[in-house]
Each structure stands twice: as structure tokens, then as C-alpha cells.
Amino acid sequence: MPKGKAKGPKGKKITLKIAKNSIRIALDGGLRLDLSKMGITTFPKCILKLADVDELDLSRNMLKKIPSTIQKFQNLRWLDLHSNQLEDLPAAIGSLQKLLYLNISNNKLTTENLPEDLSLLKNLRILNLGLNCLDSIPTTLGSLKELKEIGLFDNALTTIPKSVKNLPNLKKMNVERNPFPDSKEEVQDDSIKRVETLYLVQEKDLCSSCLKMCQNERDKMNTLTNETQSPSRKLSFPLLLTPNSSAKDNQEEWRLK
């Protein structure tokens with residue numbers, strides 16, 4: 001038996017040539033460096049020479065750490081780190097001011113190891129924190145005023161800060177499979193407008209036009225209720241439902257064993 005601690009998997013060595021051959025043209029015409037599913041265990045230093053890319057995909061590897069040198073990628077608008085073994089993130093990630101999309105789902109991140117500097121990503125539109133080990137969400141994320149979608153599914157959350165729920169541009173929030181004490185408290189979307197006071201009258205006391213209006217509104221409400229309660233209707237979170245944005249019924253399939 002060799003002496004010393006057993007070493008983990010070596011992983012694939014990424015050379016500058018391999019990295020250059022992995023550059024693609026993104027949908028919007030930018031440059032995308034795609035190193036996903038490459039068996040990488042350590043952040044390849046050679047890609048720092050390609051720091052002018054617009055998108056960086058290091059998803060579905062075995063990375064345990066992202067170095068502070070990530071800050072060299074100042075042009076990044078899209079960063080995908082999902083399905084690795086990350087336990088923390090460097091504070092330097094907050095310097096990526098052009099970032100619009102950040103996917104760090106399906107890792108081993110805890111609330112304590114989320115850098116406060118995430119709140120500096122003022123232009124961020126989509127943030128995926130699902131499938132991690134978060135027991136709370138920092139209230140400082142409430143400063144991400146441009147955020148439109150946030151994934152918080154499959155964590156250990158018991159509440160969502162008001163500063164996050166009340167973000168002005170937030171359209172989608174996936175909080176499924178968290179141990180909320182009262183599931184009704186964490187409603188994702190309430191499309192039914194509530195009224196403070198409800199007055200009840202009999203149909204015979206209404207004029208024909210008012211009666212018709214009430215019947216139309218009741219029909220709309222019944223249709224909405226049926227659609228909401230229908231077991232076949234599923235909420236659509238195209239970028240937040242699963243780590244790689246393609247729907248799966250069982251989220252556990254995406255967890256790293």
C-alpha cells in the first residue's frame with residue numbers, strides 16, 4: 001500500500017489547445033467557452049488566456065473550487081457552474097459586473113459559504129441556487145433589482161426574505177421541495193387578486209347588467225380555479241426547473257452521488 005492519503009480522481013487535463021477548440025459562437029453572436037462534461041477536477045489556469053469570452057460553461061464536472069482569478073473574465077455575461085462539487089464561491093465573483101446569468105445549482109453550497117459579494121451583481125437577470133444545502137437566503141440578495149428569475153428549489157429553506165420576494169422585476173421563483181413550515185406562506189405566484197371586503201347579495205337584488213357581470217366574473221374565477229387545481233398542469237420554469245434547464249420529473253436524478 002502506498003503511504004500518504006489516497007488521492008482523488010485526477011481528472012482530465014485541459015490544455016490551451018483543447019480550450020481554444022472548445023470555443024463556440026453563442027446565439028447572440030458572442031464567444032462561448034464550453035468545457036462542460038469534461039471530467040475536470042481543478043480549474044484550468046490556461047483558460048485565463050481566453051478571458052475575453054462572453055460565456056463560460058464549466059458545468060457537470062468535478063470542480064471543488066473556483067479561484068479568485070475568475071475576476072479576469074470581465075466580459076462574462078453567462079456563467080454556468082451547475083453540477084460540480086463546489087462548497088463555496090470566491091468573493092471575486094462579485095466583480096463580474098456584466099453577468100446576466102449565473103447557474104450554481106446542484107453543488108454543495110451552504111448559506112455560510114455564499115459570498116456577500118453576490119449582491120454586487122447589479123445586472124444579474126437569472127440566478128439558480130437550486131439543489132444545494134442552503135438553510136436561508138441572504139437578505140442582501142434583495143439588492144439584485146434586475147433579477148427576473150431565481151431558483152431556490154431542493155434546499156433546506158424555511159422562509160424567503162421579503163427583500164427577495166419583493167424584488168421589482170422578479171417574474172419567476174422556484175422554491176419547490178423546501179421544508180417550509182406553512183407551504184401556503186411561500187406562494188410563488190398569486191394571480192388571483194384578493195379583496196379586503198366581500199359583500200354578499202342575492203341574485204334577485206341585482207339588476208340584469210350587474211347580474212350578467214357577476215356571472216361572467218364567476219365563470220372566469222371557476223376557470224382559473226380549475227386550471228390551478230388540475231393535476232396535469234405544471235408550472236413552467238424553463239431555466240430554473242433543473243440544472244441544465246431541461247425538464248425532469250425527478251430532481252434527485254440530478255444530484256451527484
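## Overall architecture

The protein chain contains three helices and eight strands. The model described here is predicted. Read from the N terminus, the elements follow the order α-β-β-β-β-β-β-β-α-β-α.

The protein chain has 257 residues, and 39% of them count as buried. Its accessible surface comes to about 15600 Å², with 53% belonging to carbon and sulfur atoms. Among contacts between residues at least 6 apart in sequence, 40% join residues at least 24 apart.

## Salt bridges around Arg77

Side chains of opposite charge can pair when their charged atoms come close. The structure holds six salt bridges. One of the six joins Arg77 to Asp28, with 2.8 Å between the closest N and O atoms. This pair links distant parts of the chain, 49 residues apart: Arg77 belongs to the loop between strand S3 (55-57) and strand S4 (78-80), and Asp28 to the loop between strand S1 (23-25) and strand S2 (31-34).

Arg77 also meets the side chain of Asp54 in a salt bridge, at 3.7 Å from N to O. Here the partners are 23 residues apart, with Asp54 in the loop between S2 and S3. Arg77 is partly exposed, since its relative accessible area is 23%, whereas Asp54 is buried because its value of 18% falls under the 20% limit.

## The pair Arg177 and Asp154

A further salt bridge is formed by the side chains of Arg177 and Asp154, at 3.1 Å from N to O. Arg177 lies in the loop between strand S8 (172-174) and helix H3 (208-229), and Asp154 lies in the loop between S7 and H2, so the pair ties together parts that are 23 residues apart in sequence. Arg177 is partly exposed, with a relative accessible area of 43%. Asp154, in contrast, counts as buried at 5% relative accessibility. As for shared partners, salt bridges join Asp28, Asp54 and Arg77 into one network.

Asn155 is found in the loop between strand S7 (149-151) and helix H2 (162-165). This residue is buried, because its relative accessible area is 10% and the limit is 20%.

Which residues is Asn155 in contact with, leaving aside its neighbours within four places in sequence? They are Leu129, Gly130, Leu131, Asn132, Cys133, Leu134, Arg177, Asn178 and Pro179. Among them, Asn132 has its backbone nitrogen 3.2 Å from a polar atom of the Asn155 side chain. Arg177, another residue in contact with Asn155, is the salt-bridge partner of Asp154.

Note on methods
Residues numbered from 1 in each chain as written. Predicted model: local features only at pLDDT ≥ 70, side-chain atom pairs only at ≥ 80, totals over all residues. Heavy atoms only, no water. Helix = DSSP H or I, 4+ residues; strand = E, 2+ residues; numbered from the N terminus. Buried < 20%, exposed > 50% of the residue type's maximum accessible area, 1.4 Å probe, protein only. Polar contact = N/O pair within 3.5 Å; in protein donor to acceptor, adjacent residues only side chain to side chain. Contact = heavy atoms within 4.5 Å. Areas by Shrake-Rupley, 256 points an atom, 1.4 Å probe, with all protein chains shown as cover. Salt bridge = Lys/Arg side-chain N within 4 Å of Asp/Glu carboxyl O.
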